[in-house]
Amino acid sequence: MPINYGMANLSHYAYVATVVAYALAVLAFAGDFAFGRQALGQLRPAREPAPELVAVGAAAASSDAAAAGPGPTPAIPGEGHGTRTVAGGVTPGTRAPSPDSRAMGRWVQVALVLTALGLADDLRSVPPIVRLVVESAIGVAFVATITVDLDWPLRVTGVVVALVAFPVAINATNLVDNADGLAASLSVVTALALAALGLLVAPGVEASRVAAVVAAAGLGFLVFNLPPARVFMGDAGSLMLGFVLAGVSALIVRDSLTVGGGVHSVIAIALPLAWALQVGDLAMVFATRLRRGASPFRGGVDHTSHRLMAAGLGPW
């Protein structure tokens, strides 16, 4: 049965996608209103003094110990959860790996895994269930890595959300890669929005830097990917790109819980809107295919971009 791509049909689905996006924002705000304040009270102290202050404190403690004679080994401030001793081979002023530094290592590992998975899907189709399992496992591992400073109720909640949110974000980015320049341009928009949200949460944090790098890389890629495209990202690029944006989103949510005021409420509303275009298209395609009895996991020409081009609203 042919699909009607008339303007009335186009307007209907654009309306549905918009409603879905705002419904996600409302649900996020409702969840934040219900659990946000409780979450703020469950955080453990995660701040640590600057390395220079730690080094000065260690030197002062060593001098006091020498003046007082033999006694207990002096202790210096630790990473927010206790103390570290000068003796025992620990260099004064050093710090244990932070969650963000561990996240960077995890980012590299996951990027390689998803690039390999996408390349395998480009060369030979990978079953959808395999992709979903890998994406869910990756999301769980990443969120578990960056939330080590949170109490277990928040960590469990984050892991459960990541189980669904990461596959949604990764596949939403992958599915909009159906026209020249589309996935890259939408990812640039999302990355810029995430960079702004990261600066709102805490200027200079890792999330905003990574988002800015993704936006710059996307702009550079667009030079060769605009219609008519000379380079294509394929699944190897879109899966990895979707994960990086999802990882940045997870960092922003985590950091918003550690600052005071109503920042976490702003993030709860703005973050779904930063993903509205990709997730709205994903929701629309899944809903319409299920209604027609078609598989939502197979390729098709029923995405928002196809409807716009069929309505005469192409890029050129």
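Q: What makes Ile 129, Val 130 and Val 133 a nonpolar patch on the surface?
A: This is a predicted model, so everything here is computed from predicted coordinates. To join a patch, a residue needs over 30% relative accessible area and no salt bridge, and nonpolar side chains have to lie within 5 Å. Ile 129, Val 130 and Val 133 form such a patch, with about 260 Å² of accessible area together.

Q: Why is Ile 129 called exposed?
A: The cut-off for exposed is over 50% relative accessible area. Ile 129 comes in at 57%, so it counts as exposed. You'll find Ile 129 in helix H4, residues 128-146.

Q: How do you know which residues Val 244 touches?
A: A contact needs heavy atoms within 4.5 Å. Setting aside residues up to four places away in sequence, Val 244 touches Trp 107, Val 210 and Val 214.

Q: What makes a set of residues a nonpolar core, and which members of the largest one touch the most others?
A: The members are buried nonpolar residues joined through side-chain atoms within 4.5 Å. The largest core has 51 residues, and those touching the most other members are Trp 107, Leu 114, Phe 166, Leu 194, Phe 243, Val 248 and Ile 252. Elements giving two or more residues to this core include H3, H4, H5 and H6. H8 gives the most, with 10 residues.

Q: Which residues does Leu 114 contact?
A: Beyond its neighbours within four places, Leu 114 is in contact with Glu 135, Ile 138, Ile 170, Leu 239, Met 240 and Phe 243.

Q: How do you know that the span of H6 is close to the expected one?
A: H6 has 20 residues, and at 1.5 Å a residue the expected span is 28 Å. From first C-alpha to last, H6 reaches 29 Å, close to that value. H7 also has 20 residues, and reaches 28 Å against an expected 28 Å.

Q: What do the buried residues of H6 pack against?
A: They pack against H5, H7, H8, H9 and H10. Among the buried residues of H6 are Leu 186, Val 188 and Leu 194.

Conventions
Residues numbered from 1 in each chain as written. Predicted model: local features only at pLDDT ≥ 70, side-chain atom pairs only at ≥ 80, totals over all residues. Heavy atoms only, no water. Patch = residues over 30% accessible without salt bridge, like charges linked within 9 Å, V, L, I, M, F, W, Y side chains within 5 Å. Areas by Shrake-Rupley, 256 points an atom, 1.4 Å probe, with all protein chains shown as cover. Salt bridge = Lys/Arg side-chain N within 4 Å of Asp/Glu carboxyl O. Helix = DSSP H or I, 4+ residues; strand = E, 2+ residues; numbered from the N terminus. Buried < 20%, exposed > 50% of the residue type's maximum accessible area, 1.4 Å probe, protein only. Expected span 1.5 Å × (residues − 1).
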